[in-house]
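Here is a short briefing on how two chains meet. Start with the structure, then read the points by topic.

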Amino acid sequence: MQAYIIRRLLALIPTLFVASLIVFVSMRLIPGDVIDQMLAQNDVATSADRALVEEALGLDQPMYIQYFRWVGGIMRGDLGNSLWHNTPVTAQLAETLPITFQLGLLALVVALTVAVPIGIYSAMRQDTAGDYIARSFSLLMLSIPSFWLGTLVMVFPSVWWRWSPPLEYTPFFQDPIQNLSHMLLPAVLLGLALSAVTMRMTRTMMLEVMRQDYIRTARAKGLAENLVIARHALRNGLIPVITLIGLQAPLLIGGAVILEQIFVVPGMGLLLLEAVFARDYPVISGIFLVTGVAILMINLLVDLTYGFLDPKVRY
Amino acid sequence: MTDTALPGTIPTATTRPLIAGADHPIVAFCGRLLREKPLGAIGGVIFVVFLFCGLFADVLAPYAANETNMAARLQAPSLSHWLGTDHLGRDLLSRVLIGAQLSMMVGFLAAGLATVVSIVLGLLSGYLGGKVDMAIQRVVDAWMIFPDLLLLIVVVSIVGSGMPQIVIVLGLLYGIGGSRIVRGGVLTVRETMYTHAAQSMGARTLYILWYHILPNVMPVVIVLFTTRVGAAILAEAGLSFLGLGVPPPAPTWGGMLSGDGRTYMYMAPWLAIAPGVCLTLVVFSVNIFGDALRDLLDPRMRGSR
């Protein structure tokens with residue numbers, strides 16, 4: 001197991017290297033006139049200011065030196081400073097990342113509590129009306145854009161009952177109830193999109209497992225159907241669903257950007273959008289990089305959990 | 001030499017060279033779709049209706065998309081404005097129709113570009129193998145760890161927003177991601193007997209790629225293209241919603257749900273309905289049509305997404 005973890009970590013190095021190149025190169029694609037534009041948005045700008053901005057972005061050095069300086073900075077936990085706020089990007093990330101993480105985690109809980117039972121039900125009652133409804137629902141959920149659903153939730157309760165969702169963020173440890181009353185709605189919307197895929201996967205895996213010999217054996221020895229499902233089918237059928245959660249992490253983060261904007265959740269997505277509109281490139285590249293690394297780590301964790309849960313997979 | 005009917009490969013109509021045979025196999029396929037996958041056929045029909053609306057939006061739209069009429073602001077749906085009007089008195093039906101045109105353009109152009117990129121990368125990586133494969137796959141690995149929407153937002157923040165940029169970025173984005181699926185198909189076809197036969201006869205690599213490999217990965221490619229059309233439409237709408245898509249006053253479905261329109265939705269809730277319903281219907285139709293296509297064309301991909 002230890003050797004496996006080390007091998008996996010080593011395999012991450014080329015991916016991380018190429019990923020860092022992608023982030024780096026995309027930031028170098030910033031056209032020169034953007035700097036002018038940044039200066040123009042600011043008050044009185046001179047050519048000295050221009051040199052300052054170029055220095056802040058590190059544009060006055062040769063490419064490869066820029067790259068190694070940038071990577072060296074990241075190794076020391078330095079992602080540069082925000083161009084407008086003059087605060088370190090890492091500080092801004094430390095503030096916003098936990099909020100997005102909480103949103104994602106809540107969404108995951110919502111997705112699993114909705115998807116797994118319905119998926120199991122759908123598989124047990126294959127090709128009945130219930131199965132059909134569940135599958136159509138999941139396909140529909142897959143197709144409704146979360147930003148439209150978010151818009152409907154904002155507009156219609158307000159029009160019909162003069163109620164609109166709370167939009168004021170309270171830190172969880174300050175007032176958990178206040179916090180949840182704000183975060184729950186975006187989490188549900190985010191979770192619904194995820195639940196569609198999870199439901200399909202759960203159904204497929206359960207159908208697959210129910211055809212296995214050991215299920216027939218369990219039934220043949222007279223085990224109650226509930227126990228067959230709980231003890232034999234679920235434990236084997238749900239393992240691949242965990243992998244799916246890893247694969248869905250990018251979707252979750254992408255969705256979070258949109259829902260954070262609608263529900264004014266001050267997470268990483270909102271920070272990214274503000275940075276994009278302010279052309280705050282160090283912040284953008286910082287978020288870009290952190291997201292990539294986070295997803296890599298989630299996938300690694302998922303793979304390791306997989307080995308832990310499935311005794312057939314031993315490294 | 002016929003390269004059909006080998007066990008374990010993908011049989012029938014699609015195994016012929018790309019350019020030939022558009023007429024009757026397609027009709028036969030539609031029949032099969034209708035018989036075996038009625039839901040998928042419904043999806044196909046819905047999509048074709050939207051495609052039709054998009055193609056003939058200029059003729060179908062009763063008003064010009066950006067024709068303002070302050071006397072008729074925020075009107076509820078009526079006979080003269082079937083879907084009502086917005087805060088500038090623009091006819092919502094016309095805007096939704098032109099929006100369909102924009103969506104279809106983005107969807108087809110981006111998916112087309114993505115397909116070409118996927119085919120080129122997938123063929124190179126899968127057929128040549130070795131170091132080329134290694135190098136391409138590491139880039140694909142790294143590329144795929146970034147969420148689509150995030151990549152889009154970042155790139156658009158650099159190159160600016162507009163139809164050409166979005167099409168190119170989406171095309172590259174989905175193209176690189178999809179190349180892995182094409183590669184998988186190529187890996188299988190590469191080891192078939194007809195490919196080995198062609199190789200041993202000394203056929204040039206390009207000839208083999210074009211006449212043997214490509215026709216046999218076509219089912220994968222077609223399914224990929226279909227699903228990417230939906231994904232691109234959704235992504236563009238998301239970007240426009242965030243104010244990073246095709247800039248206003250272009251009537252994009254995503255844009256109509258955000259920006260100025262948003263503030264007036266509380267007075268005119270119908271503004272929130274039509275663009276979202278259209279978007280959902282298009283994506284829904286592509287999803288079920290794509291699922292059906294996958295089941296019919298490529299049994300190996302069944303159940304995957």
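Buried means under 20% relative accessible area, with a 1.4 Å probe and protein chains only. The model is predicted. N287(B) has 11% relative accessibility, so this residue counts as buried.

**N287(B) and its partner**
- N287(B) sits in helix α12 of chain B, which spans residues 274–297.
- The side chain of N287(B) makes a polar contact of 3.2 Å with the side chain of S143(A).

**Extent of the interface**
- Chain A puts 47 residues into the contact, and chain B puts in 41 residues.
- About 4000 Å² is buried between chain A and chain B. Carbon and sulfur atoms give 80% of that area.
- On the chain A side, F147(A), W148(A) and F288(A) lose the most area to chain B. Together they account for 16% of what that side buries.

**Polar and charged pairing**
- Three residue pairs are in polar contact across the interface of chain A and chain B, both residues being at pLDDT 80 or more.
- The count of salt bridges across this interface is zero.

**The chain A side**
- Helices that each supply at least two residues to the side touching chain B are α1 (2–28), α6 (129–143), α7 (146–161), α11 (239–262), α12 (268–277) and α13 (281–309) of chain A.
- α7(A) gives the largest share, nine residues.
- By type, the residues of this side are 36 nonpolar, nine polar and two charged.

Terms used. Residues numbered from 1 in each chain as written. Chains lettered and ligands numbered in written order. Predicted model: local features only at pLDDT ≥ 70, side-chain atom pairs only at ≥ 80, totals over all residues. Heavy atoms only, no water. Helix = DSSP H or I, 4+ residues; strand = E, 2+ residues; numbered from the N terminus. Buried < 20%, exposed > 50% of the residue type's maximum accessible area, 1.4 Å probe, protein only. Polar contact = N/O pair within 3.5 Å; in protein donor to acceptor, adjacent residues only side chain to side chain. Contact = heavy atoms within 4.5 Å. Buried area = accessible area lost by both parts, 1.4 Å probe. Salt bridge = Lys/Arg side-chain N within 4 Å of Asp/Glu carboxyl O. Nonpolar A, V, L, I, M, F, W, Y, C, P; charged D, E, K, R; others polar.
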